[in-house]
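Let's take a walk through the charged side chains of a protein model. Keep the structure open as you read.

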Amino acid sequence: MTSDRTSNGSRPRGWLKRIGQRLGGEPQDKEQLLEVLKDSQERGLLDRDALSMIEGVLQVSDLRVGDIMIPRAEMVYVRRDDPLERILAVAVESAHSRFPVTGDDKSEVVGILLAKDLLPHVMNGDRGGNRRSFNMRDHLRSAVFVPESKRLNVLLKEFRSSRNHMAIVVDEYGTAAGLVTIEDVLEQIVGDIEDEHDFDDGAFIFKRAHDEYTVKARTSIEDFNDYFGCNLEDDEFDTIGGLVVHAFGHLPTRGERTELEGLRFTVMRADSRRVHLLMVRPRQAPASMRQEDPSGAG
């Protein structure tokens with residue numbers, strides 16, 4: 001039998017208990033626990049990524065769906081009665097894998113459409129000719145509805161048990177307030193996950209439409225100014241993300257908007273520590289703005 005004693009005959013103490021005792025007792029709340037974990041990271045008992053994930057796990061139990069949802073105004077959706085051409089255009093432009101399907105009003109979500117269900121119609125040439133063969137109701141899947149007040153740890157368990165990847169968030173009146181995906185929840189724990197909004201690692205600015213751009217928050221202000229032909233100040237900040245956070249006056253969450261120099265910035269992805277991705281829409285395209293679809297600003 002393997003002994004669980006050290007060579008001097010005493011039982012080894014767990015690192016958490018050992019550090020806790022050095023700090024004057026075991027942690028009594030989350031704040032104290034985080035201090036213990038940060039101390040253990042500084043001592044080399046945890047690496048930085050592990051500490052970040054543990055912090056994310058602790059945070060998930062405190063956050064609610066409304067804190068991280070994509071607001072209704074930012075949802076990419078299709079209408080129940082849309083023609084196949086428009087649905088395919090939305091699917092191609094957004095590169096999403098799932099779409100809320102609405103009725104006559106955007107606040108009325110009647111189901112979910114999976115992009116993969118459109119593939120047979122693309123392969124059969126329906127986009128150009130046989131349009132009548134496509135019937136939305138044949139592909140409509142049931143939507144899962146959750147309240148804004150639901151805790152993220154509870155939602156994650158439900159996602160896992162039901163194998164759903166998307167839920168429609170409803171307000172107190174039962175109308176759609178936004179949506180949330182399993183990826184949104186997981187990003188609160190593990191940080192940034194490559195998804196349909198991502199583009200080549202070497203690119204920092206990506207043109208998605210004639211007046212819509214996706215910009216990585218770590219894009220330098222100098223490169224941003226060169227690309228958009230603007231003169232944002234870079235005396236205090238190096239990156240566009242830092243400048244935008246300063247403009248908000250707080251760390252913004254997904255969906256929050258602000259304007260600088262005639263540019264509207266919408267936070268597309270952020271966690272409790274930083275902003276990752278921004279959507280930029282110029283009020284009026286500057287004369288110097290490039291018209292081609294670039295591979296990057298740097």
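A salt bridge here is a side-chain nitrogen of Lys or Arg within 4 Å of a carboxyl oxygen of Asp or Glu. This is a predicted model, so to speak of local features we need pLDDT of at least 70, and side-chain atom pairs count only at pLDDT 80 or more, while totals for chains, interfaces and linings use all residues. Residues are numbered from 1 along each chain as its sequence is written, and side-chain values use heavy atoms, with hydrogens and water left out.

The structure holds five salt bridges. One of them joins arginine 141 to aspartate 117, at 3.2 Å from N to O. The two sit 24 residues apart: arginine 141 in the loop between helix H7 and strand E5, aspartate 117 in the loop between strand E4 and helix H6. Helices (H or I, at least four residues) and strands (E, at least two) are DSSP runs, numbered from the N terminus.

How covered are these partners? Buried means under 20% relative accessible area, exposed over 50%, and partly exposed in between (1.4 Å probe, protein chains only). Aspartate 117 is buried at 14%, whereas arginine 141 is partly exposed at 39%.

Next, find glutamate 212 and arginine 281, whose closest N and O atoms are 2.5 Å apart in another salt bridge. Glutamate 212 belongs to strand E9 and arginine 281 to strand E12, so this pair ties together parts that are 69 residues apart in sequence. Glutamate 212 counts as buried at 15%, and arginine 281 is partly exposed at 29%.
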